[in-house]
Amino acid sequence: MFSFLRPASSRRLPLPSRPALVALECRAVPDAKSYVSGLYAGLLGRAASDGEARSWAGILDAGARGEDVARGIAGSAEYRGRVVDDAYRRLLGRAADDNGRHFWVEGLGNGLTPDRLEVQLIASDEYFGKHGGTDDGYLDGLYHDMLGRAADAGGLAFWREHLHSGRGRELPAETFANGHERHTHEVEDRYREVLHRSPDDGGRAFWAGTLDNGLSGTDLTVKLSGSREHGHEFEFETEPEDRGGGRH
């Protein structure tokens, strides 16, 4: 059982032992084009055109890693648009309007992270109004949408006092979006989306720790997507490079 949620320290946390490669389910696929097709289906929700598949397959055949191709696809405006669309549906219960979608897609292309997008949406007046326009309704929404559970008594009392004091919604939004409990759920979601299974205990602990220390959800998706193997030996880094604590 998680203890009730409070703002976390900003210091970087020690990581558990890294998971074995087999625990991240590196898979064999028949050829480079099939691998690219799988990436398009998983990251963009559509089939790759023949030209796209051939182009990326050529890059793989020239020696690029699977992770490099996954990162290239995830860096596209198309993928960023899917991130925005998903956040609007999950958190605001509606499709993104054209202006909002354009604004956030551009932002994600200029350094904004998906986590910061979520913070902005759940701190918004629209999200507050969607949950009844009351502090308790707002907190119930945060617990449900970000943690997938009902509020515990201690956490509800803590955040209720914060909101009643007039200190605003930015801190609870930041804490719920970037806390360890949320990151644990995010690892579980990404494993199901990319590897089609639940994470093993070691993988769950390792990747939740890397998210706590600054890895972005997009980077996690890229790394899991890049862990699949085919005829080439795709190198997979189980420890993220040092990013200076920032998310990319």
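This is a predicted model: local features need pLDDT of at least 70, side-chain atom pairs count only at pLDDT 80 or more; totals for chains, interfaces and linings use all residues.
## A buried aspartate

Let's start with aspartate 145, which sits in helix H8 (residues 135-147). Aspartate 145 is buried but has no salt bridge. The nearest side chain of opposite charge belongs to lysine 130, 5.0 Å away, and a salt bridge needs a nitrogen and a carboxyl oxygen within 4 Å.

What aspartate 145 does have is a polar contact of 2.7 Å with the side chain of tyrosine 127. Setting aside residues up to four places away in sequence, aspartate 145 also touches other residues, including Arg90, His131 and Arg182.

## Nonpolar cores

The largest nonpolar core holds 47 residues, and those touching the most other members are Ile73, Val84, Leu117, Leu121, Ile122 and Tyr138. Beyond its neighbours within four places in sequence, isoleucine 122 is in contact with Leu91, Tyr127, Tyr138, Leu142, Met146, Ala173 and Ala177. A second, separate core has eleven residues, among them Trp207 and Leu224.

## Salt bridges

There are 26 salt bridges in the structure. In one of them, arginine 101 pairs with aspartate 85, with the closest N and O atoms 2.8 Å apart. Arginine 101 is partly exposed at 31% relative accessibility, whereas aspartate 85 is buried at 19%.

Another salt bridge joins arginine 116 and glutamate 170 at 3.2 Å, N to O. Arginine 116 is in helix H6 (residues 114-122) and glutamate 170 in helix H10 (residues 170-178), so parts 54 residues apart in sequence are tied together.

Definitions and conventions: Residues are numbered from 1 along each chain as its sequence is written. Side-chain values use heavy atoms; hydrogens and water are left out. Helices (H or I, at least four residues) and strands (E, at least two) are DSSP runs, numbered from the N terminus. Buried means under 20% relative accessible area, exposed over 50%, partly exposed in between (1.4 Å probe, protein chains only). Lys and Arg count as positive and Asp and Glu as negative; His and the chain ends are not counted. A polar contact is a pair of N or O atoms within 3.5 Å; within protein, one must be able to donate a hydrogen and the other to accept it, and residues adjacent in sequence count only if both atoms are side-chain atoms. Contact means heavy atoms within 4.5 Å. A nonpolar core is a set of buried Ala, Val, Leu, Ile, Met, Phe, Trp, Tyr and Cys residues joined through side-chain atoms within 4.5 Å.
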